[in-house]
Amino acid sequence: MANETAPSLHRPIKIWTDSLSNLMAILNPKSHHSVVREIQTLLLSHKHIHLRWLKAHVGYLGNECADQLAKEAITKGDPFLLPKPLPYLKSEIKSPALSIWQDNWDNGETGRSTHDIVPRLSNKPVGWNREEIMFVTGHGPYPSNLHRFNLRTHDNCSCGEKGDPMHYATKCRFTLSWHFQTPTVSLKLQWLKNILTNNLSRTRLRLLMRFICDENNLIVEDNN
């Protein structure tokens, strides 16, 4: 005698929604979202519940009633507190933190050469590599930088002039292979910006900085 399928203990329930994206998310078996996974588990254990999609604002009475109730809920309902989501809290913290950071950056006493090139701060990196950062900030193996930290008794290059980044990029006889054209004082900032936005110039600048690091004993005059 054939076994008959036992009748369902629950009447079918259809839940209609106008959010197709939510339905697609629920249908995705690879979803890792905790809410989606919870809904999927509930639907598997309650097979009499069916989700259906309908277009929004096309005259369905139930859909129109849901919209009306939602509007009343935000205008007439009793307020209650819900924990704010993490992305919202991050955005609320980010704005004042960036404002304080920007104020300190604008009114600081150090890093002025970098401030001229990057006046506005953001969480996105500028894309400079180590050599370019050393050149822009002046924090490299230059006599000018070593002298500032009392690691040298003077700031002269071996050729006799002040050994700062601009000297090695435009004048020093030891770095002639990587020289750039010397800019006027008024165009120095634009000159530097052009170098940092041109791939060929950036490559030459990186080679210059590597030479300075590798041949530091040659370009830095002996203290004695």
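User: Hi! Are phenylalanine 180 and tryptophan 191 buried or exposed?

Analyst: Phenylalanine 180 is buried, and tryptophan 191 is too (buried means under 20% relative accessible area, exposed over 50%, partly exposed in between, with a 1.4 Å probe and protein chains only). This is a predicted model, where local features need pLDDT of at least 70, side-chain atom pairs count only at pLDDT 80 or more, and totals for chains, interfaces and linings use all residues. Residues are numbered from 1 along each chain as its sequence is written, and side-chain values use heavy atoms, leaving out hydrogens and water.

User: Thanks! How many aromatic pairs does a search of the whole structure find?

Analyst: Three. Rings of Phe, Tyr and Trp (its six-membered ring) pair if their centres lie within 6.5 Å; planes under 30 degrees apart are stacked, over 60 edge-to-face, and the rest tilted. One of them is stacked: tyrosine 142 with tyrosine 168, 6.4 Å centre to centre and 25° between the planes.

User: And how are the rings of phenylalanine 180 and tryptophan 191 arranged?

Analyst: That pair is edge-to-face, because the planes stand at 90°, with the centres 6.1 Å apart.

User: Nice. Which charged end sits over the ring of phenylalanine 180?

Analyst: The one of arginine 204, 4.5 Å from the ring centre (the rule asks for NZ of Lys or CZ of Arg within 6 Å of the ring centre and within 35 degrees of the ring normal). Likewise, arginine 112 has its charged end over the ring of tryptophan 105, 5.2 Å from the centre.

User: New topic: what about isoleucine 39, how accessible is it?

Analyst: Isoleucine 39 has 29% relative accessibility, so it counts as partly exposed.
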